[in-house]
Amino acid sequence: MTNLAQPAVTKNQDLEVTIQDLTYEGMGVAKVDGFPLFIEDALPGEKMQVHVLKTQKQYGFAKVVKRLSDSPDRVPGADSTYIRTGIAPLSILAYPAQLQFKQKQIQELYKKAHLDIAVLPTIGMTNPLGYRNKAQVPVRTVNGELQTGFYKKHSHDLVPIEDFLIQDPKIDQAIVVVRDLLRKYHVPAYDERANKGVIRNIMVRRGHYTKQMMIVLVSQTWQVPHLKDIVEEITLALPEVTSVVVNLNDKRTNVILGRKSRTIYGEDYLLDKLLGSEFQISPVSFYQVNPVQTEVLYKKAIEAAGLTGKENVIDAYSGIGTISLTMARHAKHVYGVEVVEPAVRDARANAVRNHIDNVTFEVGKAEEVIQRWKDNELPVDVLMVDPPRKGLDKSFIDAVGYMKPPKIVYVSCNPATLARDLQLLAAFGYTAKETQPVDMFPQTQHVESVTVLERTEK
């Protein structure tokens, strides 16, 4: 008869452990007889008493009961709210150590993928707080009162928050103003269990350079009680507001924004500047949330592309044209492709706004459009890719192998899919020497990077 091996750890067990490492999500890792336990609010080197919450075959989760020693990298007095909600999981870790953690994260993934690519030190911020130019906060009733805040991780329990740490403080202030007006006029918060109520979310965008502010009320219905009075009071209390929009989301969904919007006050878009160009940003368009580091990232990407003014560039995820229009100032012509039609409209308007005429924007799937451009014998010198977190689709990588651009500049927001894609691109003869991480999201586990690939096969 075979004895089944018992796990080294069981649920509800109390243990004393030493934290050995951090996961890519910023959780501490302790090992008990080789069995990994993942623990929030725990840093490498710290000894602690923990209570085991849950075990699975290969790993378990525990919570800190008492910290017996502190890491020299622990930020004293850090607020655990930002860890519980996942807003700023690294806020307990000193900033220089955060930058090293992000560099190491990419190095480890490259090592696992057998990629011999140097990872440079992460470029950080002088002030790594209050940097986000956009907020999307849920509105719910908590203990009988309308509240704004953020969900506790892995739940739909709202934690009321007024200071979000990483958001522009003016945005935090605006959310409180809107919250108080919703309370004053007794506007019902959305109840997702009953699928009733009115306001689901408040979205606020603020231009870093222009200081313009857009308020978006995400509503279950077009009929928002006392809307005219609320808008009037918003604009009195917040003179920076240039746009108030109601976005309709009447579906039972976790998606924040619906497809239809109505501008109630001011413009249909927000204006901001980036590297000398002015951009109009509509409520649903993607725009980088850290304007200071976006300029650093884009400068690195342009430098990496080695543009001299003679090159044709394809920007394969062009959005509202932020990279395309920035690169157009250094290239012969830039061709942008984007699947989101309103973003392409913004991109074309932004080209006109900035008197840039050496750009062409098309709506469509990048893999289909770039194959068509290749069939039409469009000469391309540099391919710029800045994909979402899921990375490049296999069909896109196949299209790149068909097009064979001599140089690819890969801007990544997810090291795991970056490593995977670099392996796949290697099959088409593309190799990279180094990756430059840029800290676009201080206090969180996320990291952006720029990698240049060159084609070695003929």
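**Close-up views of a predicted model**

View 1. D41 is partly exposed, because its relative accessible area of 22% falls between the limits of 20% for buried and 50% for exposed. The structure shown here and in the other views is a predicted model. D41 is placed in the loop that runs between β4 (35-39) and β5 (47-55). Although D41 is a residue other than glycine, its phi is positive, near 60 degrees. Most residues other than glycine have a negative phi.

View 2. The loop between α8 (366-375) and β20 (382-385) contains E377. E377 is not a glycine, yet it has a positive phi of about 60 degrees. Is E377 buried or exposed? With a relative accessible area of 68%, E377 is exposed, since the category begins over 50%.

**View 3. Helix α3 and its surroundings.** Helix α3 comprises residues 169-184, 16 residues in total. At 1.5 Å a residue the helix should span 22 Å, and its end C-alpha atoms lie 23 Å apart, so the two values agree. At the start of α3, a side-chain oxygen of D168 comes to within 2.9 Å of the backbone nitrogen of K170. Which residues of α3 are buried? They are I171, D172, A174, I175, V176, V177, V178, R179, L181 and L182. The elements covering these buried residues include the strands β8 (134-142), β9 (145-151), β11 (199-206) and β12 (213-219), together with helix α4 (227-237). Just after α3, H186 adopts a positive phi of about 55 degrees.

**View 4. Q103 in helix α2.** Q103 belongs to helix α2, which covers residues 95-112. Its relative accessibility is 17%, so Q103 counts as buried, the limit being under 20%. What does Q103 contact, leaving aside its neighbours within four places in sequence? The residues in contact with Q103 are V119, L120, P121 and T122.

**View 5. The second largest pocket.** Rolling a probe the size of a water molecule over the atoms shows where empty space is left. In the second largest pocket, this space amounts to about 490 Å³. The lining of the pocket consists of 16 residues, and R259, S282, V284, P342 and R345 lie nearest its centre.

Key. Residues numbered from 1 in each chain as written. Predicted model: local features only at pLDDT ≥ 70, side-chain atom pairs only at ≥ 80, totals over all residues. Heavy atoms only, no water. 1 Å grid on protein atoms, 1.4 Å probe; cavity = no way out; pocket = protein on both sides within 12 Å on 5 of 7 lines; lining within 4 Å. Points joined across faces, edges and corners; volume = space filled by probe spheres on them. Helix = DSSP H or I, 4+ residues; strand = E, 2+ residues; numbered from the N terminus. Expected span 1.5 Å × (residues − 1). Buried < 20%, exposed > 50% of the residue type's maximum accessible area, 1.4 Å probe, protein only. Contact = heavy atoms within 4.5 Å. Polar contact = N/O pair within 3.5 Å; in protein donor to acceptor, adjacent residues only side chain to side chain.
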